[in-house]
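Open the model in your viewer and keep the selection panel at hand.

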Amino acid sequence: MDILALSEAQHFLSLVGPWWERLLVLEALAGLILLFYPFKDKKGLTSLGWSFLVVTSLTLGLGFVSLCYLHLAIHHSVVLSLPAKTGEMLNHWLSQWSSQASVHLPPYDPYHPPRFAPPPWLGDEKYLFWFLGYAILCLWAWKRAPWGLTRRLLLALVSIQLALLGLVFHPLSHPLPGFFEEISLWWAPLSPAQRVGLFLKLYPRLLFYYNAPYMWVHPPLLLLAYAALEIFFVACVSMFWIKDLQVERLAYVFARPGYFSLTLGMLLGFPWALEAWGGNWWWDPKIASSLMMWVVFSTYLHARLYLSRKGMWNFTAFLGILSFSAMLFTVVASYLFGGQHTVH
Amino acid sequence: MKKPKLSYDFALTLGAVGLMFLLSLLCLASTFYFKWAGLGHVPPVEKQGFEELFNRLAAPVLAGLLLVLAICVPKRLLSTRGLNRLALFLGVLFLVGWFYQGWRLALLLVLIPTALLQILTLVLLCSGKRLRFCYEGFWAQLGSCLLHLGLILFALTVLLISYFGFWAPLFWTSAVLITSGLICSWFKG
């Protein structure tokens, strides 16, 4: 097995990761300074804020490319290959087991042994993908939001996210701790029986989680929805101070792709959940809280139809803020409430 | 921005908003209940009571939403009096189903006529008949029809999944309808 490529990628990230994370913390501080600096005219915040967002997007983009490099190395190196005789034994056992079990595991192919292909939004990596999406969407929102308050709120969220990536999540300096812990035993000296046992533990994880086709669409759609929801939230907060139809329009412009991406992402999670977990998950905390977020978001879209009625302006803005709060609750639910999506 | 013309429409929208808010509160309550009852690490069999409880609690709210939808959809076809009678009929159907065989049958009895009405609206819209909608533009109206029909079919999929293993065609139809509905109403409308 060629694990040289993986070792090189891990070495590269262990060198680059800490510096990249320090840079993020510095950028977060720069964002805070921009946030509170009393600019004398609009141009100062406009041009400096724009440059800050470009630099931030590039930094996050480079971090994401580095993660993709690691994932390519994983795909190249982490292969569940077995000796020919062990593979035959395993296939015999699998054919017997599959006839009795409800979940079907495909037979082991010695010419094309199972190879890990995890997408670059596993574990804490998802925050990098999400925050990169937000930074890029901010570039789009910046020109559409000529108000100082809205722009400062956009910058505040960018700064918070940069600080979280640099100080809490460490996606580059400590990438995929759960994954590496899971596969580390594969390289240890094992007896044939132990190797088959480990194979049978890793193989379903590879099929139904790491390499699942849904893994490539369900999480990124939701993460992009979260990014759009943040800008939608900023616009909704602004609506309480800026009574301008343009700010409401900004909220709606980002609510549309956010809702589209959220709905599609949640829908595509349905067949995956049935495939991987069977039918017993409908009131799982993460799923119930996601459903709550979607329902509150739908409530906003319905209320918005009557925006011109008395009191509906503030009510729709409030519903927008509630949607964002529901999103935060959904994210936190994975850590606090347990269930199928639990992080720990 | 267009001023709303019908207060009946506004009342229905507020009703839908209230019911959706109630459903979201129920979801929130379920997450706390899950944690409080320590259901994170118990076998699936032990979670059945919890699931059944929240299914039972959610069923009337879902039925309420469907009734609002059942009124919203044919309001493009019927008069206000006709709409009220239809809502009353569906409400009675729901209650009869509930007493006869529980929430599953009750929801099914409301879902099927709602789906049929939505299909009828879709066919009439596509055949060029002018129907009353809150907003103008063919694509936006088509999007609304497709989206709501998709949501009804998705609810049917969830309901029927415990009876039939053959869920995939219904689910993928609902997914295509919801996706195309969103595209039509927002990106073309």
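Predicted model: local features only at pLDDT ≥ 70, side-chain atom pairs only at ≥ 80, totals over all residues.

Select residues 218-239 of chain A, which form helix H8. Of these 22 residues, 21 are buried, so H8(A) is largely enclosed by the rest of the structure. Next, check the length of H8(A): at 1.5 Å a residue, its 22 residues should span 32 Å, and the end C-alpha atoms lie 31 Å apart, which agrees.

Now select chain B. Its secondary structure consists of six helices and zero strands, in the order α-α-α-α-α-α from the N terminus. Of its 189 residues, 47% count as buried. Among contacts in chain B with a separation of 6 or more, 69% are between residues 24 or more positions apart.

Then show the interface. Here 48 residues of chain B are in contact with 44 residues of chain A. Together the two chains bury about 4,200 Å², with 79% of that area on carbon and sulfur atoms. To see the chain B side, select H1 (7-36), H2 (48-72), H5 (138-160) and H6 (168-188), each of which supplies at least two residues of the side that touches chain A. H1(B) gives the largest share, 17 residues. Colour this side of chain B by class: 33 residues are nonpolar, ten polar and five charged.

Last, look for polar links between chain B and chain A. There are zero salt bridges, and two residue pairs are in polar contact, both at pLDDT 80 or more.

Terms used
Residues numbered from 1 in each chain as written. Chains lettered and ligands numbered in written order. Heavy atoms only, no water. Helix = DSSP H or I, 4+ residues; strand = E, 2+ residues; numbered from the N terminus. Expected span 1.5 Å × (residues − 1). Buried < 20%, exposed > 50% of the residue type's maximum accessible area, 1.4 Å probe, protein only. Contact = heavy atoms within 4.5 Å. Buried area = accessible area lost by both parts, 1.4 Å probe. Salt bridge = Lys/Arg side-chain N within 4 Å of Asp/Glu carboxyl O. Polar contact = N/O pair within 3.5 Å; in protein donor to acceptor, adjacent residues only side chain to side chain. Nonpolar A, V, L, I, M, F, W, Y, C, P; charged D, E, K, R; others polar.
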